[in-house]
Amino acid sequence: MTSRGAIERKLAREIAARKQAELLLEQKSLELHEANQQLNLVLSELKRQSHIDLHKLQFESQINETLLYFGRAFLGRTLNDGLIMSLLERLESSFALGLCGVFLVSGSVSTVKESQFGSTATTDVQGIRPFAVWHDTVLSLPLEVDHRLVGELSVKVLDQDIEADFVVSQLRLVADLLCSAINRQIILTSNQQARARAEESEKATKEFVAMINHELRTPLNGLLGSVELLSDTQLDEEQRTFLVNISHSGELLRHIINDILDFSKMSAGMMELIPCQFSKADLTGMLKSVFANRALDKGIGLSIDCSKKVPARLEGDFDRICQVLINVIGNAIKFTVDGSVDVVIRWKDSKLSVLVKDTGLGIPTEAQAFLFDPFVQADLTAKRKFEGTGLGLAICKNLIELMGGEISFVSQEGVGTQFDILIPLKAISARQKSQLIQTQSPSKQLETLSILVVDDIRMNQVIFNQMMRKISVVPDIANNGLEAIDTVAKRDYDIIFMDCRMPEMDGFEATEYLRRQKYTKPIIALTAGTTLEERDRCIQSGMDDILSKPYTAKELKSMIEKWA
């Protein structure tokens, strides 16, 4: 019995142990199953995340390629309808995007004709929101330039696995690129319009200067020419006094007109140089003839000392050099009450050095810093003693800088002023002068010349005719280019003096026609224009030389002698 009971107890323990083992095995199997399920979930999530990351990377790469391509395209090309459509087509080629569209406020970009491109929900500026907006799967991004809404970019997003924030961040880069292109195009268009306005304004300014130049100088030619002719007639003392007053006023008017016109040309960038050959004697002779009597009338001394080392002949813009010296020396005489004005001319390192020293009033210290500014004078009060526009020294400085020279001064109030002028000039050797003389043909007797003057203004015709009488020449008269052509067809002239601006047919057209008809005799321009552009037009039309208004009888005779 005892043995059997022991066996049964052992069997019971084995059964219990077996059940315990089975239970443990079942529990472990359940835990293993759960762990496997968890692992499958993790693997599935990793696979899904990898898929998303791969799509994000691929989408980001496509956007970057788009940005790179169109960044270059927007810089190198004008923003227009075709370029915007190309951008939308490039976006739609992405696997993650569907239909795309752009709306632009009408007129915001002048080079873009349409306002709506592709598929977009917005059709007017009122519907644009200043932030990113989702309409189901369609993302709308504002286009903003200078804090102003100018349009909207709309994109349908097909790949819903990519995070919305990531899609917004990538497409915002595209919107920013488009905004930059729009802004750049607006600036370029604005600059082009500003440049066009500036060019139009410059053209109008040049035309105005040329017109006013002609309109002022033409009557001045009549005034000064009449004064010169009248001075050669018999006049009593009272008439002579009146004539001197008219002559002084006319010269003052010419000086003011020249200053105003030169300042206008300087402001318009039209100030130009016309080089020619001249002699040292011409320069000193001009200064003595202009200032000797003026200094004598004021009771002050005037000395002009020109060194022998100054070349006998020089090349430069003689008229402009004279203008500079006349202004500076004229001021010295004007502001000197007692004492003298000394002019010293030297030659230093291929430069003409002119020193002008006076014992005049001097320039106040507070005015010295602004002396070369336009319209600046030491005395601007209503009681000032000295006339003038205040443009002379400003023009002198501009002219000297145009010639590559320098002008400076030192002054002490109550003691006097000294101006130092340096002008680079080309010295003409004796050999060059000899060659020039050898190329000139012998002159013809002036009184035997046949001369035609073409001018539409009766006053100018009378003055020209009277000046010609001084050299025993009676010119023929034509009122315009058409009459000149008819007259030349009937008679062969030695010299033609041709006004440039006339009705019916101007001087340029008439000259061009005569040259086409093989007319080879000299044609001299009579013009009030002083710009290089108008002078070039004279030469291009076939004219041989230019006589500027107002001219004197001496200048007219010199021109005839030159071309006779």
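This is a short walk through the structure, one selection at a time.

Before you click, know that this is a predicted model, where local features need pLDDT of at least 70, side-chain atom pairs count only at pLDDT 80 or more, and totals for chains, interfaces and linings use all residues. Residues are numbered from 1 along each chain as its sequence is written, and side-chain values use heavy atoms, with hydrogens and water left out.

**Stop 1: the open sheet**

Select strands S14 to S18. They make an open sheet of five strands in the order S15-S14-S16-S17-S18, with parallel pairing. Strands here are DSSP runs of E with at least two residues, helices are runs of H or I with at least four, and both are numbered from the N terminus. Two strands pair if DSSP finds at least two bridges between them.

Now find the edges: S15 (476-478) and S18 (545-548) each pair on one side only. Neighbouring strands are turned by 20° against each other on average, direction ignored. Angles come from lines fitted to C-alpha atoms (for helices, over the stretch in contact) and run from 0 to 180 degrees between N-to-C directions.

Zoom in on S16 (residues 495-499) and S17 (residues 523-527), which pair in the parallel sense over four bridges. Here isoleucine 496 stands opposite isoleucine 523 in S17.

**Stop 2: the helices on the sheet**

H14 touches S14, S16, S17 and S18, and its direction makes about 170° with that of S18.

**Stop 3**

Go to the loop between S18 and H14, where you'll find proline 550. A cis peptide bond joins lysine 549 to proline 550, with omega about -5°.

Next, pick serine 472, in the loop between H10 and S15. Serine 472 has a positive phi of about 60° although it is not a glycine. Is serine 472 buried or exposed? At 56% relative accessibility, serine 472 counts as exposed. The cut-offs are under 20% relative accessible area for buried, over 50% for exposed, and partly exposed in between, using a 1.4 Å probe and protein chains only.

Lysine 518 sits in the loop between H12 (507-516) and S17. Its phi is positive too, near 70°, and at 69% relative accessibility lysine 518 counts as exposed.

**Stop 4: salt bridges**

The whole structure has 11 salt bridges, each a side-chain nitrogen of Lys or Arg within 4 Å of a carboxyl oxygen of Asp or Glu.

Start with glutamate 228 and lysine 470, whose closest N and O atoms are 3.9 Å apart. Glutamate 228 is in helix H3 (residues 164-231) and lysine 470 in the loop between H10 and S15, so the pair ties together parts that are 242 residues apart in sequence. Lysine 470 is partly exposed, at 42%. Select Asp232 as well: Glu228, Asp232 and Lys470 are linked in a network of salt bridges.

Move on to aspartate 476 and arginine 491, which meet at 2.9 Å, N to O. Aspartate 476 is in S15 and arginine 491 in the loop between H11 (481-490) and S16, 15 residues apart.

Finish with lysine 521 and aspartate 492, at 3.2 Å, N to O. Lysine 521 lies in the loop between H12 and S17 and aspartate 492 in the loop between H11 and S16, so this bridge ties together parts that are 29 residues apart in sequence.

**Stop 5: the rings**

There are six aromatic pairs in the whole structure. Rings of Phe, Tyr and Trp (its six-membered ring) pair if their centres lie within 6.5 Å; planes under 30 degrees apart count as stacked, over 60 as edge-to-face and the rest as tilted.

Select phenylalanine 278 and phenylalanine 318, a tilted pair at 4.8 Å centre to centre with 45° between the planes. Phenylalanine 278 lies in S6 (residues 276-279) and phenylalanine 318 in H6 (residues 318-334), so the pair ties together parts that are 40 residues apart in sequence. Both are buried.

Conventions. Contact means heavy atoms within 4.5 Å.
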